[in-house]
Amino acid sequence: MKPIFLAALLTATPLAAFADQTLHIHDAYARSANPVTGAAFMTIENSGDVDCHLQDVSSEIAARTELHTHREEDGVMKMVHVEEGFVVPAGGTLMLARGGDHVMFLGLENSLEDGDKVEISLDFGDCGIQTVEAVVDNERKPAMGHGMHGKHARMETDMPQSDH
């Protein structure tokens, strides 16, 4: 009888507990270069043995919160919404960084001031939902080797420009 009870108990364990044990979020920060848009960046580590899919994000600080990336089209970098989300590979890392994959805030309710804290809900599908608190740091520069360079410095988007 004990094996059946144990199996039932393990099945009843919430998926969020799975995410808490296998997904680790580090160095979350947010910034905004204008009063309308902002972005958040972080490192997500998956210590589990199955891929986790970051499929959606939400936050109460903006009218819309989306997963975005930058893609080069005809020699011009464009910021685009990534509806399919991002995979955090088993035993791997997903970097949400300036000039690459990131969380985008569109239609900010209030300006993002240095030191403010932004709560972001990250939906990892079968791996659960995690909430992270990102500190606003509008002065932070991207780490060496990250961000936009040279010919990629011009960006087109259908949203108000933001230097994120």
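Hi everyone! The structure holds four salt bridges. Before I walk you through some of them, please keep in mind that this is a predicted model.

Let me begin with Arg 140 and Asp 27. They form a salt bridge whose closest N and O atoms are 2.6 Å apart. Arg 140 sits in the loop between strand 11 and strand 12 (155-156), while Asp 27 belongs to strand 1, so this pair ties together parts that are 113 residues apart in sequence. Are these two residues buried, partly exposed or exposed? Arg 140 counts as partly exposed, at 25% relative accessibility, and Asp 27 is also partly exposed, at 49%.

Asp 27 has another feature to look for. Its phi is near 55°, a positive value in a residue other than glycine. Asp 74 is a second residue to check: it is not a glycine either, yet its phi is positive, about 55°. Where is Asp 74? You will find Asp 74 in the loop between strand 5 (62-73) and strand 6 (76-81). With 82% relative accessibility, Asp 74 counts as exposed.

Glu 66 and Arg 64 meet through their side chains, at 3.0 Å from N to O. Here Glu 66 is buried, at 12% relative accessibility, whereas Arg 64 is partly exposed, at 44%. In the other pair, Glu 73 forms a salt bridge with Lys 78, and the closest N and O atoms are 3.5 Å apart. Glu 73 is partly exposed, with a relative accessible area of 35%, and Lys 78 is partly exposed too, at 24%.

Next, let's follow strand 2, residues 37-46. How many of its ten residues are buried? The count is nine, so to speak a mostly covered strand. Which strands does strand 2 pair with? Among them is strand 1, in the antiparallel sense, over seven bridges. Within that pairing, Leu 23 has Asn 46 of strand 2 as its bridge partner. Strand 1 and strand 2 also form a hairpin, with five residues between them.

Strand 2 pairs with strand 9 (residues 102-108) as well, antiparallel, over four bridges. There, Gly 38 has Phe 105 in strand 9 as its bridge partner. Four bridges also join strand 2 to strand 8 (residues 93-96), again running antiparallel. If you want a place to look, Thr 43 stands opposite Met 95 in strand 8.

Please turn to strand 11 now. In a regular strand the side chains alternate between the two faces of the sheet. Which residues make up the covered face of strand 11? They are Gln 130, Val 132, Ala 134 and Val 136, while Ile 129, Thr 131, Glu 133 and Val 135 make up the uncovered face.

Strand 11 pairs with strand 10 in the antiparallel sense over seven bridges, and Ser 121 has Thr 131 in strand 11 as its bridge partner. The two strands form a hairpin with five residues between them, and in the turn Gly 125 has a positive phi of about 60°. Strand 11 is also joined to strand 1 (residues 23-31) by two bridges, and here the strands run parallel.

What about the inside? The largest nonpolar core has 28 residues, and those touching the most other members are Met 42, Ile 44, Leu 54, Phe 105, Ile 120 and Phe 124. Leaving aside residues up to four places away in sequence, Ile 44 touches several residues, including Leu 23, Leu 54, Val 88, Leu 94 and Phe 124.

I'll finish with the disulfide. Which cysteines form it? They are Cys 52 and Cys 127, with sulfur atoms 2.1 Å apart. The torsion about its S-S bond is about -80°, so the disulfide is left-handed. Both ends are covered: Cys 52 is buried, at 1% relative accessible area, and Cys 127 is buried, at 3%.

Notes: Residues numbered from 1 in each chain as written. Predicted model: local features only at pLDDT ≥ 70, side-chain atom pairs only at ≥ 80, totals over all residues. Heavy atoms only, no water. Disulfide = S-S within 2.5 Å. Buried < 20%, exposed > 50% of the residue type's maximum accessible area, 1.4 Å probe, protein only. Pairing = 2+ DSSP bridges. Core = buried A, V, L, I, M, F, W, Y, C linked by side-chain atoms within 4.5 Å. Contact = heavy atoms within 4.5 Å.
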